[in-house]
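Okay, thanks for making time, everyone. Let me put the sequence and the model up, and then I'll talk you through it.

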Amino acid sequence: MTEDGAKSVNDVAGTKSIDQASSSLSNYLPHYNRFFASSANQDKGLKVIQWTLWLFSKVYSKKKKELYKTSIDISFARYLLRFFGLPSAIEAIQNKTWEDPASGYLGKVTGKLMSLAMAGYYPLEHLAYIRWTSPELLPGPITANKLSAYSCRFWLVYLLAELTQSIVRLRRLYASHNKLLKDGSGDGEPNKQNADETCLALRQSINNEWLQLSRSALFTLPCINWSLPKWDTEPWLSDPCCNGLMWVESLVSIYQALRA
């Protein structure tokens with residue numbers, strides 16, 4: 001093959017690779033944009049970045065201060081997103097959208113506790129943010145750290161209620177799944193297909209509930225730590241333990257959102 005021929009083949013191969021990359025990007029971007037159009041998913045993405053930067057600050061000592069500072073900056077950016085959370089808690093109180101009547105009395109009570117807890121959590125988070133960033137706007141004896149501790153106590157109530165609700169819901173889902181397997185699909189192909197689809201939907205719900213239960217469990221110990229009066233000066237958990245749990249939760253959180 002001549003030099004010009006070899007060059008032509010390489011040019012064709014290069015153009016094909018560019019076209020393939022462009023096609024892959026075109027297929028990927030709509031999924032990316034749909035996913036991060038949700039403010040909840042934006043927060044999950046920021047959470048992964050925040051806690052990953054904290055982890056890097058522990059590993060790369062040369063850039064420790066810069067990485068840690070960026071992690072803190074992202075944490076405060078996430079506080080701003082919480083300014084939009086209170087209406088959803090109020091709606092949940094009014095419309096009982098966080099309750100799970102199918103899970104019986106506990107499903108209802110835990111849902112009500114969750115919404116009431118978040119109605120207390122968000123205003124205290126807003127006050128803590130203002131005290132941290134612009135203390136002159138909110139003078140008073142209560143420090144930002146104390147306000148944050150109070151908000152985390154409401155968050156802890158939410159987490160314990162959510163853990164209970166997830167356990168109750170898992171019991172219900174497993175019972176439905178096992179009953180379906182025991183009873184069989186009935187006679188005929190349509191019945192079998194419907195049973196298979198129902199069984200698949202139940203397994204997906206069970207997997208999602210386990211992910212939610214894992215997230216609540218990972219949150220619980222850091223939440224207890226931040227709920228204590230002197231969490232900033234005499235922490236119950238060490239920094240690597242507390243923030244490490246938050247990093248793992250951020251990964252589970254984004255994975256759960258991607259599976260939804």
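Predicted model: local features only at pLDDT ≥ 70, side-chain atom pairs only at ≥ 80, totals over all residues.

I picked Lys 96 because its phi is near 60°, a positive value in a residue other than glycine, and most residues other than glycine have a negative phi.

The protein chain has eight helices and zero strands.

What about the overall dimensions? The C-alpha atoms fill a box of roughly 85 × 65 × 30 Å along the principal axes. The radius of gyration of the protein chain is 24 Å, whereas a compact globule of 260 residues would come out near 18 Å. As for burial, 36% of the 260 residues are buried. And if you take the contacts between residues at least 6 apart in sequence, 68% of those join residues at least 24 apart.

Now to the helix pairs, going along the chain. Take H2, residues 39–59, and H3, residues 64–81: they pack at an angle of about 160°, with their axes 8 Å apart. Anything over 145 degrees counts as roughly antiparallel, and therefore that is what we call H2 and H3. Their crossing is left-handed. Who makes the contact? From H2 there's a list including Leu 46, Ile 49, Trp 51, Trp 54 and Phe 56, and from H3 the partners include Leu 67, Tyr 68, Ile 74 and Leu 81. By class, the contact of H2 with H3 has ten nonpolar, five polar and four charged residues.

H4 covers residues 86–95 and H5 covers residues 104–133. Their axes come within 8 Å and cross at roughly 155°, so H4 and H5 are again roughly antiparallel to each other. H4 passes H5 in a left-handed crossing. On the H4 side you have Leu 86, Ala 89, Ala 92 and Ile 93. Those meet Ser 115, Leu 116, Met 118, Ala 119, Tyr 122 and Pro 123 in H5. How does that contact divide by class? The contact of H4 with H5 has nine nonpolar, one polar and no charged residues.

H5 has another partner on my list, and that's H6, residues 144–183. H5 and H6 pack at an angle of about 160°, and their axes are 8 Å apart. That makes H5 and H6 roughly antiparallel as well, and their crossing is left-handed. The residues of the contact of H5 with H6 divide into 19 nonpolar, nine polar and three charged.

While we're on H5, have a look at Arg 131, which is found in that helix. Is Arg 131 buried or exposed? Arg 131 counts as buried, because its relative accessibility is 16% and the cut-off is under 20%. What does Arg 131 touch? Leaving out residues up to four places away in sequence, Arg 131 touches Leu 138, Pro 139, Gly 140, Ile 142, Thr 143, Ala 144 and Leu 147. And for orientation across the model, Arg 131 and Leu 67 are 24 Å apart, C-alpha to C-alpha, and 64 residues apart in sequence.

Last stop is H8, residues 239–259. Cys 242 is found in H8, and with a relative accessible area of 3% it is buried. Again skipping residues up to four places away in sequence, Cys 242 touches Pro 222, Asn 225, Trp 226 and Leu 237. Further along in H8 there's Val 248, and with a relative accessible area of 33%, Val 248 is partly exposed. C-alpha to C-alpha, Val 248 is 10.0 Å from Ser 214, and the two are 34 residues apart in sequence.

Okay, that's my tour. Happy to take questions.

Key. Residues numbered from 1 in each chain as written. Heavy atoms only, no water. Axes fitted to C-alpha atoms, helices over the stretch in contact; angles between N-to-C directions. Helix = DSSP H or I, 4+ residues; strand = E, 2+ residues; numbered from the N terminus. Parallel < 35°, antiparallel > 145°, perpendicular 65-115°, else oblique. Left-handed = near helix turned anticlockwise from the far one by under 90°. Contact = heavy atoms within 4.5 Å. Nonpolar A, V, L, I, M, F, W, Y, C, P; charged D, E, K, R; others polar. Rg over C-alpha atoms; globule rule 2.2 N^0.38 Å. Buried < 20%, exposed > 50% of the residue type's maximum accessible area, 1.4 Å probe, protein only.
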